[in-house]
Structures are given as structure tokens and as C-alpha cells.
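Subject: Structure handover

Hello,

Here is the structure I said I would pass on. Please open it first; my notes on what was found follow below.

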Amino acid sequence: MLASLFIGPVVEAQTLPVPTLIEIEQARKGNPLAAYIALVERESQYRASPQFADIYPQVRLMAEEFLGIPDAGLRAMSTVEQLRRTFPPGEMPIPGGYAARHALGVIERAARRTQIVIWGEEHHLPQTRSLYEPMLRSLWKLGYRYLAAETFSDSMMLPGFRFPTFSSGFYLRDPVYASAVRVARDLGYRLIAYEETAHAPSGDQSFRDRRQAENLQARIFARDPRARVLVLAGRGHASEVTAPDGWTPMASVLKRLTGIDPFTIFAVRMGERLTPEEEDPQYRFATARGLITRPTVFVHAATGRTLGDESFDAYVFWPRQHTVDGRPDWLRTVLGRRPVDIPPALRAGNCLRLAQAFRVGEPAEAIPVDQVLLDEASRSTKLMLPAGAYWVRAIDPGGGVIAEARLRVPR
């Protein structure tokens, strides 16, 4: 639907910019809409480019996820070749003796017995980040004081860091992720970047993960051996075991370096997809029987063992997503956000525009607490905001401010 809004003259260019860097100056100024439009306008060129054809769909869909389009992540999982998986037809029962339990409570109990909790998210599914805020609050009460994330830039460890910006880390451009960082900072967590930026030597497929683990060891445990840490990682980097091809994921190396057995959570596999054939048979079974009404981990009643596999201690099963007021329902049911009407002045005009909500005191360069695309088909779309004071604005594709307003969301 949105692509039709960008039909126009073909963009002629001698050299295509890297998709993630297109209109980067506009994005740094708080206008990701310009970057998204530039991506769509150049789509035919990117798809014809031997250099960028494979990564273009992921970058475009990621931009749509960050702009609040509810089904963008599901489309990414279905249409990006590297992500799409299919399973045998039918269902696979949850093993006997296992019962559905609220994921947050399971994580709290496991976190008491270790110093490290490692969460494997899916980059394309903001829903897999929806437990970050409540998890940060719960773990703080248990003495966890460090938040380490694969996406963090080193600048986030500086004393003057106040809020996430375009330069803080690629996946922090997701307002859900950025808001979790605000919660961590408000609570008092120390933010730790651990990504390895050096290029891997030829043939060393484990270089990045090994260096990530070494960075965590040097930046946290070498200085504070009793530290309790929440580590946010992408996908299989959270695995505790060496892969069949010899790849040693970050979590497996960190476990060896520290001698600490982490509680590892895989949030990727047990979730909704665009088609049933892409969904895990156990997920089909559990959702068909109404067992998944909130983020869920299955726990064995007799042993207390969580349902996972040899790589991860626990799978998180996610409720199917429903769109309400133009937004995914987990923003309300998991994060506790409230639907807020967009002021009429921000809806003025007919052009595609972006409504953004910022914490009072933060500039437009900060990642918004929430943002949504507005067009003629999105008249009922609402902002989804936690309690607090906000300034909101709507901008046009060129970054021009259509209108601004103030909002307060009561507790």
C-alpha cells in the first residue's frame, strides 16, 4: 500500500549508496521518513544491483518495522530468503508434564540462580523485545546492574549518555528497543557495548562471537566478578553450544570464559508467521489450544525444567499478534502502553507524514518513544505511549514540521 505513494521519476545515480546509509544526514536529524522514501524510490535499482539485491529487502522491511507498520516483521520473516523456514505439516504436542507459565516469572526464578541471563531476539520482530522493559525492572530487584547489548555503540558507555540516537546502534532505531534503554538508564543500569568491529581473519567463522565474549569478560567480569548481567543478543549468538560446523556462539564462549552457566532464552522460533507452514509444529499445537495468552515458557511440573533444547534453556512462545487502532496489541498487553489520539493538527494535509512522540526534554535527534506513518488510510491509527509527558510532531518527507503539540499520558 505505502509503495504506491512513492511512484515518481526514476532516480538516476552513478553509484548506489549502501541501503543503510541512504539519506543518513536526514535520519541523524530525526527524519527516518526521508530515508525510507529514498529506499522505496530506488527499489528497482537496488534489486538489480549484484551488490545490494540480497540486503535491500531486509533494510526496507527493517525501516518499516521502525516506522510502526504492524506486519513488516512478519513479512520479513516470510520473504527474506535467509530468514524463511518451513516445517512439516501438522502439530507436535508439548511434552507431557510441561505447563504454560508466564515467561517473566520463569526468568525471575532462573535469574536468582545465575549471574548471567542471555536473551536471543529476532532483529525483524519487535515483539521479541516487548519483554525488555518488565524484565529490566524485575532483574534490577534481583541485583542485576549491567545491561549489555550486541547493538550498542561504544558511545553509550560514556558518562554523558542520556538517550538513544540514530548513532547509538542500528537496532535501537526501533522505538521499542530505545524505550527499553531509557528504562535501563532510569533504573541505573550500566550499559555495556560488546560488539566486535574488527574484520574476522579469513576462515575464522567464530572470530566475531569469540571477541564479543572476550569483550564482555574484559568490560564486566574482569572488573566485577560478582556482576549480574542481562545480555541482549541476536538469534543464535545466544546459544550455549558449539554448532555442528564448528561455530562457537558468543554465549558458549562466555560460559567457558567466566565459568558461569547462564540462563539462555530463545525468543525467535516460537512465534507467529505469515503462513502456518512457517510456524513450528509445537507453536501450532500450543496456540490452537489457547495455551498462549501472554509471553509463555513451558515448565515441567515435577522437575522445574524449562522447555528448550541443547542450545537454549528456554523457548519463549508469543501470543498471536492482533492489530488494534493500527498498532500491534502487545504494545498494550505486554508493555502496558496506552492508545493516544494523534492531535488533529498533526494529521493536516494529504502527504505521507510521520507522527513522532518524544519525551519532554529530549530533542528530535533522539529516537522517539513511538512513531507511526500517517496517510489517508490510517485515520484511526493511534500513538501508543507509556505514562509520561511528551512533545509530539508530524513531519513531511523533507523533514518539514507540519505541527507540534504537547501530551501527557496519566498513570
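Two strands count as paired if DSSP finds at least two bridges between them. Helices (H or I, at least four residues) and strands (E, at least two) are DSSP runs, numbered from the N terminus. The model is predicted, so to read the notes you need its limits: local features need pLDDT of at least 70, side-chain atom pairs count only at pLDDT 80 or more, and totals for chains, interfaces and linings use all residues. Residues are numbered from 1 along each chain as its sequence is written, and side-chain values use heavy atoms, with hydrogens and water left out.

Sheets

Strand S12 (residues 353-359) and S13 run antiparallel and are joined by five bridges. Within this pairing, Leu-354 has Leu-373 in S13 as its bridge partner. Both strands belong to an open sheet of four strands, in the order S13-S12-S15-S16, with antiparallel pairing. Strand S13 (370-374) and strand S16 (401-409) are the edges; each has a single partner strand, so one side of each has no neighbour in the sheet. On average, neighbouring strands here are turned by 20 degrees against each other, direction ignored. Axes are lines fitted to C-alpha atoms, for helices over the stretch in contact, and angles run from 0 to 180 degrees between N-to-C directions. Helix H2 (residues 32-41) lies across S12, S13 and strand S15 (388-395), at about 145 degrees to S12; contact means heavy atoms within 4.5 Å.

Elsewhere, strand S3 (residues 146-149) pairs with S4 in the parallel sense over four bridges. Ala-149 is opposite Ala-193 in S4. Together with helix H8 (residues 175-187), S3 and S4 make a right-handed β-α-β unit. Right-handed means that, with the strands pointing away from the viewer, the path from the first strand over the helix to the second runs clockwise.

Salt bridges

The search of the whole structure finds 28 salt bridges (a side-chain nitrogen of Lys or Arg within 4 Å of a carboxyl oxygen of Asp or Glu). One of them joins Arg-84 and Glu-278, with the closest N and O atoms 3.0 Å apart. This pair links distant parts of the chain, 194 residues apart: Arg-84 is in the loop between helix H5 (72-79) and strand S1 (98-102), and Glu-278 is in the loop between strand S6 (263-266) and helix H11 (281-288). For exposure, buried means under 20% relative accessible area, exposed over 50%, and partly exposed in between (1.4 Å probe, protein chains only). Arg-84 is partly exposed at 32%, whereas Glu-278 is buried at 4%.

Arg-208 and Glu-195 also meet in a salt bridge, 2.6 Å from N to O. Arg-208 is in helix H9 (residues 207-221), and Glu-195 is in the loop between strand S4 (190-193) and H9. Arg-208 is partly exposed at 32%, and Glu-195 is partly exposed at 22%. Glu-43, Arg-47, Arg-60, Glu-64, Asp-71 and Arg-75 are linked in a network of salt bridges.

Backbone

Which residues other than glycine have a positive phi? Glu-23 has a phi near 50 degrees and is found in the segment before helix H1 (24-28). Arg-235 has a phi of about 50 degrees and lies in the loop between strand S5 (229-234) and helix H10 (250-258). Glu-23 is partly exposed at 36%, and Arg-235 is partly exposed at 26%.

Regards
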